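Keep the structure in view while reading.

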Amino acid sequence: MTPTPSDADDPLSWAREHTPILRSFQDEYGETRPLEDYTVAFASHLEPKSGVAIETLRAAGAEVLFTPSEPQSTHGPVVKELDARDGITAFAWEGMTDEEFDAAQHDLLEREPDFILDDGCELIAKVHADHRDVAADVIGGGEQTTAGITRLEAMEDEGVLEFPVYGVNDTPMKHFFDNVHGTGESSLTNIAITTNAIISGKDVVVCGYGYCGRGIARKARGMGAQTIVTEVDPRKALQAHMDGHRVMSMAEATEVGDLFITATGNREVMRKEHFEAMQDGATLANSGHFDVEIALDDLEAMAEEVTTPKEGVTQYQMSDGRRLNLLAEGRLVNLTGPYSQGHPAEVIDTTHAMMFIAAHDMLAGDGDALTPGLYNIPDRLDRAVAERKLETLGVSIDEMTESQRAYGKEWEHPDSSF
Ligand SMILES: NC(=O)c1ccc[n+]([C@@H]2O[C@H](COP(=O)([O-])OP(=O)(O)OC[C@H]3O[C@@H](n4cnc5c(N)ncnc54)[C@H](O)[C@@H]3O)[C@@H](O)[C@H]2O)c1
């Protein structure tokens, strides 16, 4: 039998099949439509999995306005499919320039969303900086990545945040899985496919040992790499050391590394002084949210010649003959390279579930209205998504007995034998 290409009719079909939590929300809230009266703005990498998140918000009744969180990770067929649906509007297209991306986000904000689900805090920052009248009426928001949380903390410190925002990134159901396993696997997968080079046996330098860096380093070692970690936080450095990775300063690592991957959320982690010392053929990739972790201006300024020997690889030839290979133009390597598909669907299912929960709880939940600020998602909601995920996996766990619950609350321990 000749197979029927189902993704030609529906580019979300495969992702939908692998995102059971979102499907369960579609079933549950498709009837009651708790978000019926609200307009929700959604910024994300626009590929099939975020498409399923968008259609889930719509199924729950929201009018959805969507835009990319990074101009180069957009999949055109997904945008076309969603934009054609009633109640969903795209402020996006494949191949946007940085300027078009910026303008589209401003256009979206002029539509006065009630709620903003963000990825990197671009929409939330823009609404505060340039659309203050709109910000005044926004009910709340949710932020899905570490880089966005850092910006929100800065806004909160300055006292400029106009509405409450759930730090979705900081909820266990997000960062324990998405940051560690999603970024870990998808970064290495996309580096391997883009370069068609082996990871096993290579000296792989992971810059930053936070959630993402830990995932990348652990999985690189699982593939047979010799892993090296660089850090600025002594506790994270020690943790990397105890986990069995070699820990060095960036200056030391530059001399031995074959493949460098940044995941710090910081800027200029690799810069001129490092490029000067790297070995011929070293490969540089970034998994952090913004394309500032590798100092691209330094690379440009130092290169005698710049070529693209393979799609997704930019090669900088230095005056001494060394070649440094930059992947995905220093943007998120798991999301913007030519072969990149982002996180595995099963992992992003939990992230998008928590984004949905953020909107549902603030707009239609039964809790008290929050004042402006950055908040953690209530633990009971995080647990509920974990339970739903385990259910989809067919995994059962135990429940504490009454006596065990009581034991956790007592301090005298009368029945202990010492
Ligand atoms: N690629 C993806 O799909 C994806 C997914 C989730 C998060 N992210 C992004 O990845 C980045 C890291 O996220 P995270 O959750 O791991 O953050 P994290 O805060 O847990 O970890 C960042 C680590 O980098 C370290 N660091 C900071 N500056 C450094 C420097 N100059 N050199 C070495 N280490 C340094 C910090 O000490 C920290 O341990 C953020 O930009 C986040 O938004 C990307």
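Over residues 179-340 the chain is 38% helix and 24% strand, with the end C-alpha atoms 16 Å apart. The model is a predicted one. UniProt, in an unreviewed entry, lists residues 179-340 as "domain: S-adenosyl-L-homocysteine hydrolase NAD binding".

Eight strands make up an open sheet of mixed pairing, in the order 9-8-7-10-11-14-13-12. Its edge strands are strand 9 (246-247) and strand 12, each of which pairs on one side only. Inside this order, strand 7 (residues 203-207) pairs with strand 10 (residues 259-262) in the parallel sense, over four bridges. One point of contact to look for is V206, whose bridge partner in strand 10 is I261. Strands of a sheet pair through backbone hydrogen bonds, and the sense may be parallel or antiparallel.

V306 stands opposite Y316 of strand 13. The two strands form a hairpin with two residues between them, and in the turn G312 has a positive phi of about 90°.

How many of the eight residues of strand 12 are buried? The count is zero, and strand 12 (residues 303-310) is hardly covered. P309 is found in this strand. P309 has 9 other C-beta atoms within 10 Å, and a residue with 12 or fewer counts as exposed, so P309 is exposed. N325 is 16 residues from P309 in sequence, and their C-alpha atoms are 9.2 Å apart in space.

Now to the ligand. Of the 30 residues around the ligand, those that come nearest are A147, G208, G210, C212 and G265. The elements giving two or more residues to this shell are helix 9 (146-158), helix 10 (172-195), helix 11 (211-222) and helix 16 (333-336). Helix 10 provides the largest share, four residues.

Why does the ligand lie between domain 1 and domain 2? Domain 1 (6-174 + 343-393) and domain 2 (180-336) both give residues to the shell, so the ligand lies between them.

Definitions and conventions. Residues are numbered from 1 along each chain as its sequence is written. This is a predicted model: local features need pLDDT of at least 70, side-chain atom pairs count only at pLDDT 80 or more; totals for chains, interfaces and linings use all residues. A residue is buried if 20 or more other C-beta atoms lie within 10 Å of its own, exposed if 12 or fewer, and partly exposed in between; C-beta atoms are placed from the backbone. Two strands pair if DSSP finds at least two bridges between them. A residue is near a molecule or strand if its C-beta atom, placed from the backbone, lies within 6 Å of it. Domain bounds come from an automatic or database domain assignment. UniProt positions are given in the numbering used here, feature names are shortened, and annotations may be inferred rather than shown by experiment.
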